[in-house]
Amino acid sequence: MLKMSILRSLVPIVARSHGWRCFSTGVPSDTIAELNKEMESIFGESPSPSPLGSSPSPEPAQPSYGAEDLQPVLTHTDSSGQAKMVDVSPKEDSKRVAIASCRVLLGKKVFNLVASNEIAKGDVLTVAKIAGITGAKQTSNLIPLCHNINLSHVRVDLTLSEEDSSVLIEGEATSSGKTGVEMEAMTAATIAGLTIYDMCKAASKDISITDVCLQHKSGGKSGSWSRN
């Protein structure tokens, strides 16, 4: 505190001797040097840096972001927000697998008709299975920005659930190529569900298709993913 008081008292003296004008915003650097010499002659050492100096304050540290902090982007839009088809030519070929599912709630009456194969249009589950496989192969014709993929395998399974009078549908698509087959698997499941509705709508209009979702995918740059 004593050093600071002496320092403050010396500032105007040294400044006037050199014809300088002191302002509250700071003191000329050569004034600080002169004061340091005065303090060293009095105390035998240079004073520690004081708030009278004009050294700029350090810049605040900027946060660093890892890959996991990057926000996801939509790949089917260009820089102006227009729809585009993704160019997959730079990607590496890999085995791609995707599994999707949905549930068709029939109601007790229609469920019994399907289970006993008494629907007027015929075997509901077999027709829906074939429709799901066909639908997967037509995905790029139904969804405009999907790529035309050479599928190596399509599986559609339909399971009757007496507990809630429903049909659980699972669709799986497999390919070896540059882009995933998630849409093919989801198309397989949903087309099968729509076919069940078409086959059974004469018996009930209260049928609903629910819980359409991806269950699993593997292959490609993003690797494997499964729904919890």
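**View 1. R103 and D164 meet in a salt bridge.** In this predicted model, local features need pLDDT of at least 70 and side-chain atom pairs count only at pLDDT 80 or more, while totals for chains, interfaces and linings use all residues. Residues are numbered from 1 along each chain as its sequence is written, and side-chain values use heavy atoms, with hydrogens and water left out. The N to O distance between the side chains of R103 and D164 is 3.4 Å. A salt bridge here is a side-chain nitrogen of Lys or Arg within 4 Å of a carboxyl oxygen of Asp or Glu. The pair links distant parts of the chain: R103 sits in strand β1 and D164 in the loop between β2 and β3, 61 residues apart. Helices (H or I, at least four residues) and strands (E, at least two) are DSSP runs, numbered from the N terminus. R103 is partly exposed, at a relative accessible area of 21%, and D164 is partly exposed too, at 35%. As for the cut-offs, buried means under 20% relative accessible area, exposed over 50%, and partly exposed in between (1.4 Å probe, protein chains only).

**View 2. K178 pairs with D93.** The closest N and O atoms of this salt bridge are 3.6 Å apart. K178 lies in the loop between β3 and α6 (182-200) and D93 in the loop between α2 (29-43) and β1, so the pair ties together parts that are 85 residues apart in sequence. K178 is partly exposed at 29% relative accessibility, whereas D93 is exposed, with 55%.

**View 3. The open five-stranded sheet.** The strand order is β2-β3-β1-β4-β5, and the pairing is antiparallel. At the edges are β2 (151-161) and β5 (225-226), each pairing on one side only. Two strands count as paired if DSSP finds at least two bridges between them. β2 is joined to β3 (residues 166-177) by 10 bridges, and V156 stands opposite G171 in β3. Moving on to β1 (residues 94-105), 12 bridges join this strand to β3; S94 has G177 in β3 as its bridge partner. Eight bridges join β1 to β4 (residues 208-218), again antiparallel, and S101 stands opposite C213 in β4.

**View 4. The buried side of helix α3.** In α3 (residues 108-115), the buried residues are V110, F111 and V114. They cover an arc of only 105° around the axis, which puts them on the same side of α3; the arc is that of the directions from the helix axis to the C-beta atoms. What do the buried residues of α3 pack against? Their partners are α4 (124-137), β2, β3 and α6, where contact means heavy atoms within 4.5 Å. Just after α3, N117 takes a positive phi of about 55°.
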